[in-house]
4 protein chains.
Amino acid sequence: MPPRVSTVEFRVRYAETDQMGVAYHANYLIWCEIGRTDHIRGLGTSYREMEEQGIILAVSEASLRFIASARYDDMIRVETTTARVTSRTIVFDYVISNAQSGVRLATASTTLISIDKQGKVTAFPAAMRARLARDTGDAS
Amino acid sequence: MPPRVSTVEFRVRYAETDQMGVAYHANYLIWCEIGRTDHIRGLGTSYREMEEQGIILAVSEASLRFIASARYDDMIRVETTTARVTSRTIVFDYVISNAQSGVRLATASTTLISIDKQGKVTAFPAAMRARLARDTGDAS
Amino acid sequence: MPPRVSTVEFRVRYAETDQMGVAYHANYLIWCEIGRTDHIRGLGTSYREMEEQGIILAVSEASLRFIASARYDDMIRVETTTARVTSRTIVFDYVISNAQSGVRLATASTTLISIDKQGKVTAFPAAMRARLARDTGDAS
Amino acid sequence: MPPRVSTVEFRVRYAETDQMGVAYHANYLIWCEIGRTDHIRGLGTSYREMEEQGIILAVSEASLRFIASARYDDMIRVETTTARVTSRTIVFDYVISNAQSGVRLATASTTLISIDKQGKVTAFPAAMRARLARDTGDAS
């Protein structure tokens, strides 16, 4: 079974451009966060609810490969998948592309670690881990 | 007695530019926040400590006039003064200029309202109000 | 004839929150920019095309009044109208609200000045000024 | 010979915090950019001048490992080194720490590719490549 892919689209804001005339690279991490929020919503919960329940996902690693530029007012598409779930971490993969042309702009991966409101690393509740893991499309 | 003026300087970040080749206008509100943080530190406290004590300053009004552009790597100077203090509000004025040329880039004013951790409007403690008001340079 | 109102909606990004737990105030200027971009698109052109034709709109004044807070994942609605057009300036008004509850979060106004690619203030072409002015809903 | 290390310090802005009460992770890429700008200045040129001469450095890859949190008003230190230089790319490494406590907050690496004003990949001029490479502290 292939992993679930969620897709979200939005336009590049003027605020996100830089003097090279393209979207500044750090914004891609924010776009990943939008993809991740959307992907978690597809699980039937929301990251907002997770936080209210005291399960906070803090980014512990991120890697990005930039392939082509995004410009102001371009429609961006972020496709998010869950790559891996362990007792305390979850890895999301992202493909960022131009929604009009289909051109791939970047790929990225982020590892998130589960912490509580005091910032202590904590295991996912079993039901949540099962739900998160279902998304990866295999028995991981 | 003239009001106390505090001065802070920093460089324009590449991230702050937009495709016009200048610093994006919303960043000026962030620069005002840097000036304000610095100005409060000059009172012998810090905004961080104020928040830890449960006195939160939320921006309720802001106005800005943009006069000239700032460019990447320009050294920016923010001069902050306290314009007015009431039982529950404080108004800061800002002059933003190019620190090298002295050219004035913008003027701004923000009104902040004192709230507690629950977001309820609350009066400044008397000692703090007195300390804040001393800065305005008159008997207000 | 009432002025044309354009409406755009989007969710508050995690990146836009601050440690008060609400959307940081400077983001509202970015949200106004999203409203403005959308409003100009409703004219049958786009701000991107205007810039490509050498008509650049630089923000010369901004004022904001903050009424209530926006939180992560809230759906935000920005309603934009053209308040006034002169030979070289255009004033946009914004009402920012929570799209779910209808609660008004902020009102804002920005004045933009027409400049060319060299940064020189320049009058709008007559046809564009007429088109922009039609939106104000009167004979201004 | 060890590589040259450049060090720059600045405070965490309120705007950079998120509702977890810490600096939002995407800002670390901006902090790397500040380190990089500072590091290039130490070469006796500046990135601003490089761009004016038509040598643009676009980020093609980035990786970050987040170790500990940064909080509002913390003094941040970014130490930047040049890890590797090829005919068309340069890799910078960063160590981000709390300047007061010395605690390491993050490590990061970015690969930048040399492009011209049209966005075409282009080799560094020989003199610049030599100058950039001298920083790596070996014969690479």
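How many residues of chain D are in contact with chain C, and how many of chain C with chain D?

Figure 1. Nine residues of chain D are in contact with nine residues of chain C. Between the two chains an area of about 930 Å² is buried, and carbon and sulfur atoms give 58% of it. On the side of chain D, the residues that lose the most area to chain C are Y14(D), Q19(D) and Y24(D), which together make up 60% of what that side buries.

**Figure 2. Polar features between chain D and chain C.** Four residue pairs, both members at pLDDT 80 or more, are in polar contact between chain D and chain C. The side of chain D that touches chain C comprises five nonpolar residues, three polar residues and one charged residue.

**Figure 3. The surroundings of T45(A) in chain A.** T45(A) is placed in the loop between helix 1 (27–41) and helix 2 (47–52) of chain A. The relative accessibility of T45(A) is 10%, under the cut-off of 20%, and therefore T45(A) counts as buried. The side chains of T45(A) and E49(A) are joined by a polar contact of 3.3 Å. When neighbours within four places in sequence are left aside, T45(A) is in contact with I40(A), M50(A) and R131(A). From T45(A) to I76(A) the separation is 31 residues in sequence and 24 Å in space, C-alpha to C-alpha.

**Figure 4. Confidence of the prediction.** The model scores ipTM 0.95 and pTM 0.96. For chain A, the mean pLDDT is 94, and 98% of its residues reach 70 or more. Where pLDDT is low, predicted coordinates should not be read in detail.

Conventions
Residues numbered from 1 in each chain as written. Chains lettered and ligands numbered in written order. Heavy atoms only, no water. Contact = heavy atoms within 4.5 Å. Buried area = accessible area lost by both parts, 1.4 Å probe. Polar contact = N/O pair within 3.5 Å; in protein donor to acceptor, adjacent residues only side chain to side chain. Nonpolar A, V, L, I, M, F, W, Y, C, P; charged D, E, K, R; others polar. pLDDT = per-residue confidence, 0-100. Helix = DSSP H or I, 4+ residues; strand = E, 2+ residues; numbered from the N terminus. Buried < 20%, exposed > 50% of the residue type's maximum accessible area, 1.4 Å probe, protein only.
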